[in-house]
Amino acid sequence: MKLTFLGTGTSTGIPMVGCLCPVCHSTDSRNRRRRASVLLLEGQTSVLIDAGPDFRIQALEQGLHHLDAVVLTHAHADHILGLDDLRPLSWERGIPIASDAGTLKQVRRIFPYFFSQVPGKSSRPRVSLEVLKPGKERTWGELTVLPLAIQHGDDTILGFRCGPVAYLTDCNGIPGETLERLSDLEVLILGALRYKPHPTHFHLATALEMAARVGARRTILTHLSHDFDHDVLAAELPPGIAPAYDGLVLEF
């Protein structure tokens, strides 16, 4: 299996509009972070986790020509506003969009034209909605994905485990039943927004604490704000933990 980080940034992306900080003006490509998303590939099967506002350019850079499914962690703008760009990928055979019921309700609300029965002159994505339940696996082709409940402030959203890797972004708490499902991980991908505490995200210290509890052989931090210069953060982290960057590829 191959996992590609399409984006590793927070909701604003990096560089952030109007910001004059050194990270936003860095010449290091690893400090240029599009909205967080990963692509899973096993054989001929490809599954996208989240489709934010940068999805079109992410897909073009990867040469993406088909998707077997899109799974969503939650319905915040930086995770779903690229769904309209599924249109050319979906026309031939359709694409299922899968998440918890609350997220799919928001997708219907934000993109009502996806599901309109009224004939229209403009093209629409050819998509279907599928409810995922935490702890119940779903298989598309050669990829099996396990949805996991995680906390994002007051909301319960989804993380995902796929074989030896788990992807848990936008969270500030992991329930006990989910922790039990994270044993024997080769790689934990975990959100770490900034240095200072945040009400709905792990910050660096709490992310490191959670990484130690999970005990994966490697932890990679994502959903990174402009607080973090890649090289500075990498030098600060303990062995076995590293920051992600856009375009990073993991193979299992």
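This is a predicted model: local features need pLDDT of at least 70, side-chain atom pairs count only at pLDDT 80 or more; totals for chains, interfaces and linings use all residues.
For V187, the bridge partner in β12 is R218.

Helix α6 spans residues 204-214, and its buried residues are L204, A207, M210, A211 and V214. When the helix is seen down its axis, these buried residues of α6 fall within an arc of 125 degrees, so they line one face of the helix. The face turned away from this buried side carries E209, A212 and R213, which are exposed. Just after α6, the backbone at G215 adopts a positive phi of about 75 degrees.

A corresponding description applies to helix α1, which covers residues 55-62 and in which F55, Q58 and A59 are buried. Seen down the axis of α1, the buried residues lie within an arc of 95 degrees, so they line one face of the helix. R56, L60 and E61, on the other side of α1, are exposed. The buried residues of α1 pack against the strands β1, β2 and β3 (45-49), and also against helix α3 (87-90). The residue that follows α1 is G63, with a positive phi near 65 degrees.

Charged side chains were examined next. Side chains of opposite charge can pair when their charged atoms come close. A search of the whole structure identifies 8 salt bridges. Among them, R30 and D28 meet through their side chains at an N to O distance of 2.9 Å. R30 also forms a salt bridge with D231, for which the closest N and O atoms are 2.7 Å apart. This second pair links distant parts of the chain: R30 lies in the loop between β1 (2-7) and β2 (37-42), whereas D231 belongs to helix α7 (residues 230-236), and the two are 201 residues apart. Together, D28, R30 and D231 are linked in a network of salt bridges. R30 counts as partly exposed because its relative accessibility is 26%, a value between the limits of 20% and 50%. D231 is likewise assigned as partly exposed, with a relative accessible area of 42%.

A further salt bridge is formed by the side chains of D84 and R87, with an N to O distance of 3.2 Å. The two partners fall into separate accessibility classes. D84 has a relative accessible area of 18% and is therefore buried, the limit being under 20%. R87, at 26% relative accessibility, counts as partly exposed.

T10 lies in the loop between β1 and β2. With a relative accessible area of 9%, T10 is buried. When residues up to four places away in sequence are not counted, T10 touches R35, D78, L193, H223, L224 and S225. G247 is found in the loop between β13 and β14 (249-251), and its relative accessible area of 39% makes this glycine partly exposed. A211 is one of the buried residues of α6.

Conventions
Residues are numbered from 1 along each chain as its sequence is written. Side-chain values use heavy atoms; hydrogens and water are left out. A salt bridge is a side-chain nitrogen of Lys or Arg within 4 Å of a carboxyl oxygen of Asp or Glu. Buried means under 20% relative accessible area, exposed over 50%, partly exposed in between (1.4 Å probe, protein chains only). Helices (H or I, at least four residues) and strands (E, at least two) are DSSP runs, numbered from the N terminus. The arc is that of the directions from the helix axis to the C-beta atoms. Two strands pair if DSSP finds at least two bridges between them. Contact means heavy atoms within 4.5 Å.
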